[in-house]
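Dear colleague,

Please find below the structure that I am handing over to you.

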Amino acid sequence: EPGPVSIWLTNNGFKHNLLDPDHLGIEIIEVDPEALQEIASALKANGFDYLQCQGGYDEGPGQRLVCFYHLVAMNELIQNSQQEKPKEPLREVRLKVFLSREGSPRVPSLYKLFRGADWQERETFDMFGIKFEGHPHPKRLLMPEDWKGWPLRKDYVQPDFYEMQDAY
């Protein structure tokens, strides 16, 4: 059954797929990579002004990679907390983008909408190899620049030996 965010997206002409809510009842919405920026921008204009978390995961060898975003209506939460009796529960939603692991998986960066996406997108790139088009600093964050592969992919084979390059 569609929740309030899915209904709002449908009423405003945004194509998406509704997934089952998580164990807390938070709506999860599947978004095509091409529609991610437009939908995230519309949700931000609708009050979802805080990117609480961005990350990725691997469904398994030969399966899809997933990029997820957890958005929260933070200003509404702050306004509610200043009242004696909060009127509305916290509004939050999760967006998921499913990507083929073949080739070079890509999604548009949400850095221009949410500055907090900077390191989160870089970490997702570093660990899963998902490229964020339009990101201003598309470099590895945790692994050395010359590292081969994506360590959190479930089909990753760890090298037997890694030689650090001389820094001088």
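Helix α1 (residues 4-11) and helix α2 (residues 36-45) pack at an angle of about 110°, and their axes lie 12 Å apart. Helices here are DSSP runs of H or I with at least four residues, numbered from the N terminus; axes are lines fitted to C-alpha atoms over the stretch in contact, and angles run from 0 to 180 degrees between N-to-C directions. The two helices, α1 and α2, are therefore roughly perpendicular to each other (angles of 65 to 115 degrees count as such).

This is a predicted model, in which local features need pLDDT of at least 70, side-chain atom pairs count only at pLDDT 80 or more, and totals for chains, interfaces and linings use all residues. Residues are numbered from 1 along each chain as its sequence is written, and side-chain values use heavy atoms, without hydrogens and water.

Which residues of α1 meet α2? V5, W8 and L9 in α1 meet I39, A42 and L43 in α2, where contact means heavy atoms within 4.5 Å. By class, this contact of α1 with α2 has six nonpolar, no polar and no charged residues (Ala, Val, Leu, Ile, Met, Phe, Trp, Tyr, Cys and Pro count as nonpolar, Asp, Glu, Lys and Arg as charged, and the others, Gly among them, as polar).

Yours sincerely

Methods: Parallel < 35°, antiparallel > 145°, perpendicular 65-115°, else oblique.
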